[in-house]
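Here is a short tour of one protein model, written for someone who would rather look at the residues than read a table. Keep the structure open beside you as we go.

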Amino acid sequence: MQNKKTVVLGISGGIAAFKAAQLTSNLIKKGYDVEVIMTEHATEFIAPLTFESLTKHNVMVSTFERVADRSVKHISLAKRADVFVVVPATANVIAKFAYGLADDMLTTTFLAAACPKIICPAMNTGMYENPVTQHNLELLKKYGMEIVEPDNGFLACGDIGKGKLAELALIEDAIEMALYPDKPLRGKKVIISAGPTQEAIDPVRFISNHSSGKMGIALAWCAKALGAEVTLIHGNIHEHIPYGVETQAITSAQEMFKAFQAQSTDADIIIKAAAVGDYRACDVAEHKIKKKESSFTLALTKNPDILQWLGEHKQAHQVLCGFAMETEHLLENAEKKRVEKHCDLLIANDLKAAGAGFGVDTNVVTILSDGGSIQYPCMSKREVAFTVWQRIIAILKQKGESLC
Ligand code: CTP
């Protein structure tokens, strides 16, 4: 219990306050200790009892409540907070935060807290776009706070525009990423590829594979949590894209190749986790191919090997990391790929190992480098991703890079 991270959740008085209940429940299920502070106005939208039932803590509204050890509650909570998130943050509370006003429990605790702070605005479009609110948000960014931008959508006032509370999954990402205080990849540009490519045969069909993109997405999540600027070049995937990750969607291997050719020069670290189709149809039929004979032969031509090209064009400061998915002779095949494609690291996974493979949340990998190979036990894809990043950070240090 003592090792639990404490998330202080501030709730101000907007209609999106009801969404804070779902967020609280999600955070509790993930094992966080959640302490809720509400403004008086927030209690008009949703009852404190909802949060007390979920968190098993009293919800604080007034500045004059005290805890058993007689310490002033807003100070004790501010000291205990590992992260402070405000959901929803109204224009009013944002203005108070920006100017250090402290006239209730939420604003006083917020001012006293030194932990990472995340503001999730939700309000009417006019209020959000008002230069005063924008200026206040800029001030908060300058003070180092994270602003999780609201979405465009249908608002409670009936307007359609920007001001809808960001998706909870993105807010949860921002919270969990903030819980990594070290940002060794700050200032580094990272490009990660994920998911399958699709090679068209005719307007109806394509050749593809079972890749879900989960491994590449886990790598992007961790890179962002460690402070990097991340671009995900991805094929057709249905997974949640992590908070703060730039994306470029592609369909075919040739499109992915073009995307890398355009962007790779600027990158410090490139990870090729995508399952790229090795071949494409020589000719893509203009109309649907009709069935005729009992057998059918499709002529295929080889796609460019993107990782090979990246290896051949690698700059001195760049770290290149490839993947190898094998069903036999894992180490032998993976080592051949590592050398031929000039990779600093090659992550090999055996499709047949229990806990590895397409679409699952775990992986079993062996990481190969010029120093040899290390086999890791079955881990969650996020744990695998952190392991890969630790290895990359070690390489950056060997190259003499000064990391934050
Ligand atoms: N790769 C690539 N471009 C291709 C094929 C593969 O960039 N046209 C990359 C993958 O993203 C991965 C690595 O090369 O990082 C290895 O991919 P894999 O499919 O395991 O092997 P291949 O190189 O395609 O070789 P083979 O199909 O013979 O196993």
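Predicted model: local features only at pLDDT ≥ 70, side-chain atom pairs only at ≥ 80, totals over all residues.

## Backbone points worth a look

Let's stay with His329 for a moment. Its phi is near 45 degrees, a positive value in a residue other than glycine. Buried or exposed, which is His329? His329 is exposed because its relative accessible area is 51%, and the cut-off for that class is over 50%.

Although His342 is not a glycine, it has a positive phi of about 55 degrees. Its relative accessibility is 37%, so His342 counts as partly exposed.

One peptide bond also deserves a click: the bond from Val87 to Pro88 is cis, with omega near -10 degrees. You will find Pro88 in strand β3 (residues 83-89).

## A strand covered on both sides

Now turn to strand β13, which spans residues 269-272. In a regular strand the side chains alternate between the two faces of the sheet. On one side of β13 sit Ile269 and Ile271, and on the other sit Ile270 and Lys272; all of these are buried, and both faces of the strand are covered.

Which strands does β13 pair with? One is β8 (residues 189-194), which runs parallel to β13 and is joined to it by four bridges. Here Ser193 stands opposite Lys272. Another is β16 (residues 319-326), again paired in the parallel sense over four bridges. Within β16, Leu320 is the bridge partner of Ile270.

## Around the ligand

How many residues surround the ligand? There are 14, and the closest are Lys272, Leu307, Phe323, Lys337 and Lys341.

A backbone N or O atom of Pro304 lies 2.9 Å from a nitrogen atom of the ligand. Ile306 contributes a polar backbone atom 3.1 Å from a nitrogen atom of the ligand. From Lys337 it is a polar side-chain atom, lying 2.8 Å from an oxygen atom of the ligand. On its own the ligand has 570 Å² of accessible area, and the protein covers 77% of that.

## Out on the surface

Ile15, Phe18 and Phe45 make a nonpolar surface patch of about 310 Å². Of these residues, Phe45 is found in helix α2 (residues 42-45).

Finally, find Glu149 in the loop between β5 (146-147) and β6 (151-154). Glu149 counts as partly exposed because its relative accessibility is 33%. To get a sense of scale, pick Glu149 and Lys291: they are 142 residues apart along the chain, and their C-alpha atoms are separated by 51 Å.

Terms used: Residues numbered from 1 in each chain as written. Heavy atoms only, no water. Patch = residues over 30% accessible without salt bridge, like charges linked within 9 Å, V, L, I, M, F, W, Y side chains within 5 Å. Areas by Shrake-Rupley, 256 points an atom, 1.4 Å probe, with all protein chains shown as cover. Salt bridge = Lys/Arg side-chain N within 4 Å of Asp/Glu carboxyl O. Helix = DSSP H or I, 4+ residues; strand = E, 2+ residues; numbered from the N terminus. Buried < 20%, exposed > 50% of the residue type's maximum accessible area, 1.4 Å probe, protein only. Pairing = 2+ DSSP bridges. Near = heavy atom within 4 Å. Polar contact = N/O pair within 3.5 Å; in protein donor to acceptor, adjacent residues only side chain to side chain.
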